Structures are given as C-alpha cells and as structure tokens.
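Open the structure in your viewer and keep the sequence beside it.

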Amino acid sequence: MSEPETVGFAPDEIRTAEPTRAARLKWVIVVDAQLPAGRAANAAACVAAATSRGVHGLLGPEAVDAAGASHPGLPWAGCTVLAADAAKLGRIRRKAASRAGVHVADMPVDAQLTRVYDEYLERMTTQDAESIGYAAVSLLGPRAQVDRLVGGLPLLA
C-alpha cells in the first residue's frame, strides 16, 4: 500500500486570530442524510477523528480557562457538517479520492454493522470499491476544490 499524500497546514498558515474562511484549506464532513441521529453523530465523530490524525496543523493550541484548567485544542480552521443521500455521498467520495491535495477520511457503512474492529476489517476485504456504502466522508483540501465537490449540499439537520 502506498503512503497517502500529506495534506495540512504549514506552521505559518496557522492563523487562529482570523476567521475560518481565511484558511487556505476547507474541511467538510458529509453524512448520509438518512441515518438516524445517533448513527449520524457517530459517523461524523469517527471521520473527524481520522481527519485530525491525518492532517497536520488542524488542531489549534489548548485553551486555558480562568481557573487554569486546560481544554484540548480544537480545529481552528472550522468544519462544516453537510448532508447527502447515500448515492451522492459515494460519488463525492470517489471524486474526492481522485483529487490531488484533498485528504479523504471515510466511514463505510460496514463499520457501523460490527462491534469488533477486526470483523469490520474482514468485511472490507470482501467489498470492491464500487459496492462500498458510506455513512460519512470527511474532506479537507483547497477551498475551491472542496466547494466544487460539495456545492449545494445542505447542512446536516
């Protein structure tokens, strides 16, 4: 398996004092609009975790409250959570995966059908790329490319 392309922010691009729209890269998560609320939230959280692991410079510094307690850094560049039907979600994932400079983290439907990670891994070995259904897909890349991939999608309700 080849190494994925590295996508992220250079240290001089991390500008936590500016609006999120000023960031060079845009982050969106697209969730299957038909999922029940709990499964949709789970899918979004899972692809967000995978994205934060795979994109350098995404998390801002920790916050310290007035009592001195620290709170972990959050994504300083923001993240929009959108909805799409299952077919469109699959098309978005396939298109995004073919674009240089776009980080893709996905959650196949099979991931929510098992409670044992190794069972999920085994299920995936029997699926060809075209037959995989997705619960959610996270995309992070150049703003214009991400906008073209998800343009017109509504916010997840």
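Select Ala 40, Ala 43, Ala 44, Val 47, Ala 48 and Thr 51: these are the buried residues of helix H1 (buried means under 20% relative accessible area, exposed over 50%, partly exposed in between, with a 1.4 Å probe and protein chains only). They lie on the same side of H1 because they cover an arc of only 130° around the axis, the arc being that of the directions from the helix axis to the C-beta atoms.

This is a predicted model, in which local features need pLDDT of at least 70 and side-chain atom pairs count only at pLDDT 80 or more, while totals for chains, interfaces and linings use all residues. Residues are numbered from 1 along each chain as its sequence is written, and side-chain values use heavy atoms, with hydrogens and water left out.

Next, select Gly 38 and Arg 53, which are exposed on the other side of H1.

Now show strands S2 (25-32), S3 (55-56), S7 (103-108) and S8 (134-142); they are among what covers the buried residues of H1.

Select residues 37-54 to see H1 whole: its 18 residues reach 26 Å from first C-alpha to last, close to the expected 26 Å (1.5 Å times one less than the number of residues).

Finally, colour the protein chain by secondary structure to find four helices and eight strands (DSSP runs, H or I of at least four residues for helices and E of at least two for strands, numbered from the N terminus). From the N terminus, the order is β-β-α-β-β-β-β-α-β-α-β-α. Of the chain's 157 residues, 37% count as buried.

Conventions. Contact = heavy atoms within 4.5 Å.
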